[in-house]
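Good morning, colleagues. Please turn to the model on the screen, which I shall take in two parts.

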Amino acid sequence: MTTQLFGERVRRREDPRLLTGQGRYLDDLGRDALAVAFVRSPHAHARIRDIDVSGALDVEGLVAVYTYEDLPERLAEPLPLLIPHPALTHGRTAHPLAKDVVRHVGEPVVMVVAEDRYLAEDACGLIEVDYEVLKPVVGIEEAAQGAQLVHEDVPGNVGAHMVQEVPAADGRSAREAIETAPHTLAFRLDIERSASMPLEGRGVYARWDGSDLRVYSSTQTSTSVRMAIAAKLELPLPHVEVIAPDVGGGFGVKIMHPWPEEILVPWAAMLLGRPVKWTEDRREHFVSSAHERGQVHYVRVGFDDEGRVQGLEVTILHDHGAYTPYGIIVPIITSTQLLGPYRIGAYRVEFSSIYTNTVQVTPYRGAGRPQGVFCMERTMDKIAQYLGLDRAAVRERNFIQPDEFPYDQGMIFQDGRPLIYDSGNYPEMLRMVKELIGWDSFDKRPHTGIGLACYVEGTGVGPYEGGHVQVTSDGRVHVSTGLTSQGQGHETVFAQIAATELGVPIEKVSVVTGDTRRFGYAVGTFASRAAVMSGNAIALACRKVREKALRIAADALEADPGDLEITEGVVHVKGAPGASIPLATVAVLANPLRYAFDEEARRATQFASAAAPDRPPVAEGEEPGLEGRDYYSPVRSTFAAGMHAAIVETDPDTAEVRILRYAVVHDCGRLINPMIVEGQIHGGVAQGVGGALYERMVYDSHGQLLNASFMDFLMPYATEVPRIETAHLETPSPLNPLGIKGAGEAGVIPVSAVLASAIEDAEGLPIDRMPISPAELYHLRQSRDG
Amino acid sequence: MKPPPFEYHAPRDLDEALDTLARLAERGKVLAGGQSLIPMLNMRLTAPEHLVDVNRLAELDTVETEDGGLRVGALARHSRVGRAGHPLLRQALKLVAHPVIRNRGTVVGSLVHADPAAELPAVLALLGGSVRLARPGRTRDVPAAEFFLGPLESAVEPGELAVSAFFPALPPGAGCAFLEVARRHGDFALAGVCALVTPEGHARAACVGVGPVPIVVDVSERAPDWAAAARAVREAAEPDDDIHATAEYRGHLVGVLAERAFREAAASAKA
Amino acid sequence: MRRHDITLVVNGVARQASVPARRLLSDCLRHDLGLTGTHVGCEHGVCGCCTVLLDGQPVRSCLTFAVSVDGHEITTVEGLGGDGDSLSPVQQAFAECHALQCGFCTPGFLCTVTALLRDNPAPTDEEVVEGISGNLCRCTGYQNIVKAVHRAAELMAE
């Protein structure tokens, strides 16, 4: 293979369009569409007594107003519970428009359609909703006490309760192992709420032509949105198409679906017979999409004199907000991924997933892992401190060793499959990160500190993705896959894979993602799975195409397929460049024709073809055309890993925290495009810095989100993000043909843990709660100093 | 997040602007840079019946030297004023939001908006400057001490237009410093202090974000014991809790920043 | 609602629009003039996605009424490059340095950086970070944006 693009820093093929304003994001479409705005609940918990829309009716340009009462049968049902789980005994989802009771500020109550968004907002402002305000349930511990209920029929506000237990090798339970260990520690760790917060909010645009519905949505899963819309609107699936256009960031929030708006907007378009569009604004995004991260963890650990963990018990309270549409994936991931690169003697984890009158919780980049890693890494630091040992050494003593893979952690992962690590080299990774940050030579001065954190990330979860590859008679290669893109550079990396597999110049390859017209079967872009899943599916589809191309070319060249190779888009006999046939011609020959439409096509018509007259033009088992489709469905996830280290400086007077150095070593198996992987890590780390030092969702006791704006929800600017130093380790995955592992979420996962570790080192104070603000650090100092 | 409807007026000269504002009185609101007003409109936190857009009044787009100080017209944008050579204004304006906002926002608009967390009111108060308010046939200069009445409340009366502000020069040889702690670069400060120290040992400070209006404290009697001076400033501050910081921490910051600001100002004062 | 007939010189071309006074410049560019390259991320002036050049100076188009800038010159991302598909040095540098991922914030950065480098052709690292400090990016962690600004300065100096 001479067209080796796999592993190269190939420049992104999306960029020319995105750099010149030619991208097409949701709100760039549908200039002729009617605009939607919503009246949303101003109360965290209230009963709707009456809705009076009369005030809005005089607004010029008003087209329609809808409330729950207007919804037809299927739409009047609660929205789907996407991922049912036996432990989720009390799953609850919202209605597309509130029915009787609202359970968080921002819940949609009335839908308004008008000629433009300004007018729609005018109308919303004139609709009067009479609420009987109910006592809100805010704060995870208050909610867990169950004195007030979010849902009348969910006792104790407990939506789910789950225990997983892995006994020690000798059969002892975690509790026994902890109790008999030489040393034990117990502590509480907290992580607060943040959110994905892509710069483009959600949005839906629908057109109905009387029989077919086309919907554009800023989503991370167009195929599943399509199925949900078809089901809810009772349309035959082939009459619904859903397209994810350019998507301005997702980070998890857009894998949630169907959002109420994804059902209501197409419904309105069908009712009104006009294109309808809803573009979420920033305030709506804060109060009506989804958040994540809020968890309380109680940890008990038993360990020996060397710092080896013998037993670990973690009890988690997970705040899942008002509804559970995405099930309990987040606390399941925390529970399982908490173990990180370590062999823990015996482990017991229990979580309760609790309703509160706040915005619902669905995965945000990292999806429960930052919390789990915070637990485990704080635990390692506490063990080291207790024993007076080096923090890196304690970690090293607990590592799974390179010769122990595949390593079975004895649990069930988020994909319902065993938690078996496929490959990794944790000691080498630790060596690399220590060297990168200068761990052993760190010159500890007052108010400076160094910290370290490790994680393992299950990536590339199933069930499957597919790829379709078509070579057309102009020699171009058209690749499509069903999952969507939100900035990961799929058009580039999938083209690299296809170009490498097929031996064609990358300029000949084009990639389409997230368009159900092109590929109808897909799961979605989440869980660091796109490269692993669609990348491998596309590689497999390319291999089918290549095999067929070689077969046809072998016929034409009267050669053995095994003697052929494809380079620069030309099939030729190895070592005999003269005997060759362009792939374009192979594509022509692959499709026997009656009609010629150009010079190339003449070669495939029935009188030009040299096909044997006694055989059918399309041989048995063959299909016309040079194309292939294949799917990749892994037996289980592949496990990437990373270790981060940081040096911080804290201001002795103002308690401001400055990150002086930030180092990342990352292993996602074979790298398709190192430039893009590094970009993913940078972005993840920046989000992690936000989560560690700046971002939180501040609810007051009434359930009002007090910082629902970019003024007060403090996403880092360039001035807040340190320079990030990266190094790669490549431990290929044995589970997939390309040997790759996921990289999308990685960067964000250990940042709170590593910064807590470094701040603790700088301050000599336990840091058990993140994020931490200067005011909080100041108060920690005050309590220590009395 | 779209602004509510309003009646729009775009006067071509100052007289027309003053006449329009006088006629509209309480119903009229001035639009200059709009960097504070338009976010509030987009969030529909305010809904003025009439907006009087002064952006066409080139005669207000002025920055002139007056008595050694600077007279800043109502349309002078932050970025321009920051380059006008006034050392304290230059320091303060670097702390006002971000460069792009400073290209549009106006200095006089910021004063009239009277946000207690904003930098420019503190500068005006520290220097003892004034704001010139006009209505048809009448102009009055309101000293800083009487201009800031409370959070988002200034002495501008209905029907009046703030046409300029006067920032006095620093006293001869004086040094100044403006320090603050913000959560992110460019955010409103959790607390800020600007300080002025003269070679003769006169010293005073104005605080940002720790009271309803800029708090000016004269500490000449304590200079050059800057720790004592800072304690005096801290005692004068009236911080509140908010979602970003506690009142106690803000008070602490005022003390820290005041001492640092006095030292820095003193160091830059010419002996 | 009263409409105002305005003329904006956008990317060198005089464009007419009839807008209500409350029409934000961002919406006017995007929806009245069809220039959707300018993006809207917060509509309260914090994210910087909507940054355009107004008479050469970067401003937030979501904090500007279209009617206020009647008669003025606006440059949007669509007008930064040369003729045809050619990219400006800043656009080219962003591509070379992988300074964009989802691309939603990118037009705002490009406008900001174009003005920054015009006024300061060889900025220090600190000046670059300060210069882009009013633009949020949720994808890149800014690492490659900072690199791209330096690279653009190099390209412009060549």
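Between domain 1 of chain C and domain 2 of chain C there are five residue pairs in polar contact, with both residues at pLDDT 80 or more; the model is a predicted one. On the side of domain 1 that touches domain 2, β3 (51-54) and β4 (57-60) of chain C are the elements that give two or more residues. That side of domain 1 comprises eight nonpolar, nine polar and one charged residues. The count of salt bridges between these two domains is zero.

To place the domains themselves: domain 1 of chain C covers 3-79, and domain 2 covers 89-157. Their C-alpha centres are 21 Å apart. In this contact, 18 residues of domain 1 meet 14 residues of domain 2. Together the two domains of chain C bury about 1100 Å², with 60% coming from carbon and sulfur atoms. Which residues of domain 1 lose the most area to domain 2? They are His39(C), Cys49(C) and Val77(C), which together account for 37% of what that side buries.

I turn now to the interface of chain C and chain A. Here 51 residues of chain C and 55 residues of chain A take part. The two chains bury about 4200 Å² between them, 57% of it on carbon and sulfur atoms. Four salt bridges are counted between chain C and chain A. One of them joins Asp28(A) to Arg30(C), whose closest N and O atoms are 2.9 Å apart. On the side of chain C that touches chain A, α1 (25-32), α2 (89-96), α3 (106-119) and α5 (143-157) each supply at least two residues. That side divides into 23 nonpolar, 19 polar and nine charged residues.

Methods. Residues are numbered from 1 along each chain as its sequence is written. Chains are lettered from A and ligands numbered from 1 in the order in which they are written. This is a predicted model: local features need pLDDT of at least 70, side-chain atom pairs count only at pLDDT 80 or more; totals for chains, interfaces and linings use all residues. Side-chain values use heavy atoms; hydrogens and water are left out. Contact means heavy atoms within 4.5 Å. Buried area is the accessible area (1.4 Å probe) that two parts lose on being put together, summed over both. A salt bridge is a side-chain nitrogen of Lys or Arg within 4 Å of a carboxyl oxygen of Asp or Glu. Helices (H or I, at least four residues) and strands (E, at least two) are DSSP runs, numbered from the N terminus. Ala, Val, Leu, Ile, Met, Phe, Trp, Tyr, Cys and Pro count as nonpolar, Asp, Glu, Lys and Arg as charged, and the others, Gly among them, as polar. Domain bounds come from an automatic or database domain assignment. A polar contact is a pair of N or O atoms within 3.5 Å; within protein, one must be able to donate a hydrogen and the other to accept it, and residues adjacent in sequence count only if both atoms are side-chain atoms.
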